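This report walks through a single protein structure, one topic at a time. Please look over the sequence and the model before reading on.

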Amino acid sequence: MASGNNQPREHQARVVDVRSISHDVYQVELELPDREQVSFYAGQYLSVNLPDADPCYFSIASSPSAEHIELQIQASPKWVSAQKVIDALTSGEDVTVSLPNGKACLASLPEKPLLLVAAGTGFAQMKSLVEYLRENGFSQPVKLFWGVRRHEDMYLRSLAQQWHDDWSALTFVPVVKDDEDNDWEGHHEPLVRAVLASGMDWQNVEVHASGSPTMVYTLMDALLEHGLPEQAFFSDVLEYAPRT
């Protein structure tokens, strides 16, 4: 587990690709001219710094060894700040990014089985973790839960299913909250209940969670109640939205 204490630095990034991969999620590929000098840990995030605007933070979805930086940005006209970022990324101009940020990350392979829990575009952080773990031969069990409101919101489900099929260490569990969506063969339980039903040994697992503060704290409270040691739970929410 990493403390993620590397100081973030600004870089000019060239936009290689921006593509829509769902009704409101864009997959972004950035190239940093000084990529070989830029290091980050799996699970960290960056900010996109636009002129006259507050920084916008997004998980890095690619492995630390990847040539380009991948982001998964949820944006619609009603989300003004995210839409401004997408407009800037599609303008053809370079953008300023700052990285790395975040302490909920991996600097080395964990010694315990892993539970990865994502809600919505929290999947981006989990993608970075999974790619890092696979590249480095992690052999402990990995269980990935991805929760969404509707099955069409699971914008890279085929990729997660491919991990499940191709990598024996990983089990992928899709979770859909919409109980009326009876045409889809997925879990219809709320995400936290599905995780609790997984039957894991809560005394011997490391948990990484990415999603809204409400989801993360609900999950953390439930797992601690079931015996998870507090120091085995990691999420950026604990840093940027601490409970008072």
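## Strand β3

The model is a predicted one. Five of the five residues of strand β3 are buried, so β3 is largely enclosed by the rest of the structure.

## The partners of β3

β3 pairs with strand β4 in the antiparallel sense, over four bridges. Strand β4 covers residues 56-59. Leu46 has Phe58 in β4 as its bridge partner.

## The parallel sheet

An open sheet is formed by five strands, in the order β9-β8-β7-β10-β11, and its pairing is parallel. Which strands stand at the edges? They are β9 (170-176) and β11 (233-234); each has a single partner strand, so one side of each is left without a neighbour in the sheet.

Within this sheet, strand β7 (residues 114-119) and strand β8 (residues 142-148) run parallel and are joined by six bridges. Leu115 stands opposite Lys143 in β8.

## Aromatic pairs

A pair of aromatic rings is described by the distance of the centres and the angle of the planes. How many aromatic pairs does the structure hold? There are five aromatic pairs. Among them is the pair of Tyr45 and Tyr57, which is edge-to-face, with 5.8 Å centre to centre and 85° between the planes.

Phe123 belongs to helix α2 (residues 123-135), whereas Tyr155 is in the loop between β8 and α3 (157-166), so the pair ties together parts that are 32 residues apart in sequence. Phe123 is buried at 0% relative accessibility, and Tyr155 is buried with a relative accessible area of 10%. One aromatic cluster is made up of Phe123, Trp146, Tyr155 and Trp163.

## The largest pocket

The volume of the largest pocket is about 1300 Å³. It is lined by 44 residues, and the closest to its centre are Ala119, Thr121, Gly122, Gly211 and Ser212. By type, the lining divides into 23 nonpolar, 14 polar and seven charged residues.

Which strand gives the most to the lining of the largest pocket? Strand β4 does, with four residues.

## Cysteines

A disulfide is a covalent bond between the sulfur atoms of two cysteines. A search of the whole structure for disulfides finds zero. Cys56 is buried, with a relative accessible area of 13%. Cys105 is buried as well, with a relative accessible area of 0%.

Key
Residues numbered from 1 in each chain as written. Predicted model: local features only at pLDDT ≥ 70, side-chain atom pairs only at ≥ 80, totals over all residues. Heavy atoms only, no water. 1 Å grid on protein atoms, 1.4 Å probe; cavity = no way out; pocket = protein on both sides within 12 Å on 5 of 7 lines; lining within 4 Å. Points joined across faces, edges and corners; volume = space filled by probe spheres on them. Helix = DSSP H or I, 4+ residues; strand = E, 2+ residues; numbered from the N terminus. Nonpolar A, V, L, I, M, F, W, Y, C, P; charged D, E, K, R; others polar. Disulfide = S-S within 2.5 Å. Buried < 20%, exposed > 50% of the residue type's maximum accessible area, 1.4 Å probe, protein only. Pairing = 2+ DSSP bridges. Phe/Tyr/Trp six-rings, centres within 6.5 Å; stacked < 30°, edge-to-face > 60°.
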